[in-house]
Structure formats: C-alpha cells, structure tokens
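Open the model in your viewer and keep the selection panel at hand.

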Amino acid sequence: MDKITTTLKIVMHLLDQYHLFLFDLDGLLVNTEALHYRAYVEMLKARGYQLPWSFEEYFQIAQKDPKGPELRIYQQFPKLQRDEPKWSVLYADKKSAFLRILEEESAPLLPGVEKLLLLLEKNMK
C-alpha cells in the first residue's frame, strides 16, 4: 500500500470523527517552493544581483531556518545589505514578485491532494 493510499484511509477514518478540517495551503496542499525561489531571483535581479543558488540549495536554506534566505542573501551580497539594510523592504518586493508569478501561472497541487479534497467533498456532512 502506497503512502497516499494509507493517508487517504486515515482521512476516511477521521471524517467520521470531525466536522471541520483546516489546511495551510502554502506548502501543504500547493507546491509553492519553486515560486518562492523564482520570486527571490526576480527581486535580486531587479537590484542588479544574480542569485547563484540552484533551487535545491535554496530549498535546503529555506527549510532549515525561516530566516535562512535573509541571512544568506545578505551574506552573499554585502553591498545589498548596505544599500538596503531593511529586510522588510526586500521581502515586500519578493512577496510582490511571488504574487505576480502566482497570478500568471497556477501552483501545482502536491501529490494526493486532489484525491483528498474530492474525498472530503464527497463525505461532507
């Protein structure tokens, strides 16, 4: 039995016990990590910098520590930190890039999510 089938069986059992399910979409139901990476690339490119990390390197940095991208970007580009010491400004630009990318293309569902949502819809009480 594969992992998705096992998970769906657990969810079917939970459907009998609960009437409300709350989900955090970003990273749980929808795969947005690649979009976040592209947003960082765009934010830096707009300032004349090129992010030298592969997606895999970014993913390891971002998953290890929520402040990882901030710390590593400033470490990688000291001039950027001198020019814009407020990470909130850079992050706001990154967020704008992320939202623009998200509007232009859809973020893919993670494996098994469509089955899960259909199962929840089918068994709504």
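Start with α3 (55-64) and α4 (68-76). Their axes come within 7 Å and cross at roughly 125 degrees. Axes here are lines fitted to C-alpha atoms, for helices over the stretch in contact, and angles run from 0 to 180 degrees between N-to-C directions. Helices are DSSP runs (H or I, at least four residues), numbered from the N terminus.

Show the side chains at this contact (heavy atoms within 4.5 Å). From α3, pick Tyr-58, Ile-61 and Ala-62; from α4, pick Gly-68, Pro-69 and Arg-72. The set divides into 4 nonpolar, 1 polar and 1 charged. Ala, Val, Leu, Ile, Met, Phe, Trp, Tyr, Cys and Pro count as nonpolar, Asp, Glu, Lys and Arg as charged, and the others, Gly among them, as polar.

A note on the model: it is predicted, with local features needing pLDDT of at least 70 and side-chain atom pairs pLDDT 80 or more, while totals for chains, interfaces and linings use all residues. Residues are numbered from 1 along each chain as its sequence is written, and side-chain values use heavy atoms, leaving out hydrogens and water.

On the α2 side, select Glu-33, Ala-34, His-36, Tyr-37 and Tyr-40; on the α3 side, Phe-55, Tyr-58, Phe-59 and Gln-63. Here the division is 6 nonpolar, 2 polar and 1 charged.

Next, the largest nonpolar core: buried Ala, Val, Leu, Ile, Met, Phe, Trp, Tyr and Cys residues joined through side-chain atoms within 4.5 Å. It has 16 residues, and Tyr-40, Ile-73, Phe-77 and Trp-87 are among those with the most contacts inside it. α2, α3, α4 and α6 each give two or more residues. The largest share, 4 residues, comes from α2.

Which residues does Ile-73 contact, leaving aside its neighbours within four places in sequence? Select Tyr-40, Leu-44, Leu-51, Trp-53, Leu-80 and Trp-87.

Last stop: a second, separate core of 9 residues, including Leu-35, Ala-39, Ile-101 and Val-113.

Terms used. Buried < 20%, exposed > 50% of the residue type's maximum accessible area, 1.4 Å probe, protein only.
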